Amino acid sequence: MIHKILGRLASVRLFVFATLALASFAASAFETPYLTFRSASEFTLKTSNNSKNWNGTIEYSTDTENWATWNGSEIAAGNAGSDYRLYLRGTGNRTITAGSSNKKWIFPSGSDIYCEGDIEVLRGYDGNPPTMNTDCYYCLFDGNAKLKSAPKLSATTLTARCYQKMFSGCTALETAPTISAMTLAESCCNEMFKGCTSLRTPPSSLPATTLQRYCYQSMFSGCTALETAPSIAATTMASTSCCMYMFKDCTSLVTAPELHTKTLQSSCYQSMFEGCTSLVTIPELTAETLASSCYTAMFKGCTALETAPAISATTLASSCCESMFQNCTKLKTIPDFYDIALQTSCYRSMFSGCSALEIPPALPATTLANYCYNNMFNSALLQIVDTSLPGVAATRPNTALALLGRARPAGHPAARITA
């Protein structure tokens, strides 16, 4: 009998120990189980529609001990001695802004406000947030000029538009948070940091290996203080337009990241670095199979660029390189091209406006297509219409029209370009 009682006691102790261990694990899933907003001066926080837009519960506190339920109306930070602080935590939240810019978070008063901790504590501070809905954090801090730092983003699986425009227009933000996600979704990071004009430090890397439709579109577009770009680990593109406009108009960017994908999707890199006027180092273009508009305007207006990389592709597509280096006014060196079948408008305006370019490359292709060379070197070299190019005929209008631009240097070795 005594042995049975002792055995039951041991079982109870084991159960209690296991329960406490699980509770301890849940509590320690986050370094701190709340999100902290702090500033040297007083500030307040509210949702732009003064309403509760999350499906679960969010609580707030000024001392991490006394908590009250937040309904989205204006709440004030408390005096913590050396600064002012406001703490938030949540449970059971699949969404925070419910996919509307009218439900973003704003600071009606205050300035230079820092956000610290893991954003996921808003969904489940116990360490077990529910599955994230689409549009979860959509526009959360969109246009917030008072936010100085961003919270940690620990989610490993993203949903469609979940981070879209999350920090767009946060003009005081200087450092972007690490993005841990390995599984992306459509538009998940679209315009995420667009227009963050003070952003100097991006995430060190974007670790996801498979890209989705619009996933990084305009992600850092207009970040005019950004000098370095995160590494991009992706080797597979599952859909189109994934990196379109990603670094467009990042006028301080000097070096572009390496690109590892061998088979591209339509518009995947379109205008990716367009308007990056300080860019001097660009990656090798090792993709073997191109897609329609994949490189269109990719480096257009990169006025500091002097050398263009070789294009390794053996399969082209319509407009694949259209306007790719257009208006790169310092470009002096471009590689020769391969004898591969050309496609409609594939090289159209590719080097148009490259006024420093003196000698065109060899163009050995024998299978041409409509507009394939149209305006390729317009305003850079001598304007000609070379009807000796194979396939140039009335049935292929403008194939070679303005193939070369205005002024061939004296003594140039070639009077005409032929196949």
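Let us begin with how exposure is judged here: a residue is called buried under 20% relative accessible area, exposed over 50%, and partly exposed in between, using a 1.4 Å probe and protein chains only. The model you are looking at is predicted, so local features need pLDDT of at least 70 and side-chain atom pairs count only at pLDDT 80 or more, while totals for chains, interfaces and linings use all residues. Residues are numbered from 1 along each chain as its sequence is written, and side-chain values use heavy atoms, with hydrogens and water left out.

Now for the overall picture. The protein has 419 residues, and buried ones make up 50% of them. Its secondary structure consists of two helices and 14 strands; these are DSSP runs numbered from the N terminus, with helices being H or I over at least four residues and strands being E over at least two. The accessible surface comes to about 17600 Å², and carbon and sulfur atoms hold 49% of that area; the areas come from the Shrake-Rupley method with a 1.4 Å probe, and for residues only the protein chains shown count as cover. Contact means heavy atoms within 4.5 Å. Among contacts between residues at least 6 apart in sequence, 82% join residues at least 24 apart.

Two strands are said to pair if DSSP finds at least two bridges between them. Strand 3 (residues 57-61) pairs with strand 7 (residues 84-91) in the antiparallel sense, over five bridges, and within this pairing Tyr60 has Leu88 of strand 7 as its bridge partner. Strand 3 also pairs in the antiparallel sense with strand 4 (residues 68-69), this time over two bridges. Here Glu59 stands opposite Thr69 of strand 4. The hairpin made by strand 3 and strand 4 has six residues between the strands, and Thr64 takes a positive phi there, near 65°.

Charged pairs come next. A salt bridge is a side-chain nitrogen of Lys or Arg within 4 Å of a carboxyl oxygen of Asp or Glu, and a search of the whole structure finds seven of them. One of these joins Glu116 to Arg38, with the closest N and O atoms 2.6 Å apart. That pair links distant parts of the chain, as Glu116 sits in strand 9 (residues 113-116) and Arg38 in strand 1 (residues 35-39), 78 residues apart. Glu116 is partly exposed at a relative accessible area of 30%, and Arg38 is also partly exposed, at 23%.

Another salt bridge connects Glu174 with Lys148, where the closest N and O atoms are 3.8 Å apart. Glu174 lies in the loop between strand 10 and strand 11 (205-206) and Lys148 in strand 10, so the pair ties together parts that are 26 residues apart in sequence. Glu174 has a relative accessible area of 38% and is partly exposed. Asp249 and Lys248 form a salt bridge too, their closest N and O atoms being 3.1 Å apart. Asp249 is partly exposed at 32% relative accessibility, and Lys248 is partly exposed at 21%.

Asp142 is buried yet has no salt bridge, and the nearest side chain of opposite charge, Lys104, is 4.1 Å away; for charge, Lys and Arg count as positive and Asp and Glu as negative, with His and the chain ends not counted. Not counting residues up to four places away in sequence, Asp142 touches Lys104, Lys165, Met166 and Ser168.

Gly99 is found in the loop between strand 7 and strand 8 (105-106), and is partly exposed at 29% relative accessibility. Leaving aside neighbours within four places in sequence, Gly99 is in contact with Asp135 and Tyr138.

Finally, the cysteines. With a disulfide taken as a pair of cysteine sulfur atoms within 2.5 Å, the count comes to zero. For Cys215, the nearest cysteine sulfur is that of Cys242, 5.3 Å away, and Cys215 is buried with a relative accessible area of 0%. For Cys328, the nearest cysteine sulfur belongs to Cys302, at 5.2 Å; Cys328 is buried, with a relative accessible area of 0%.
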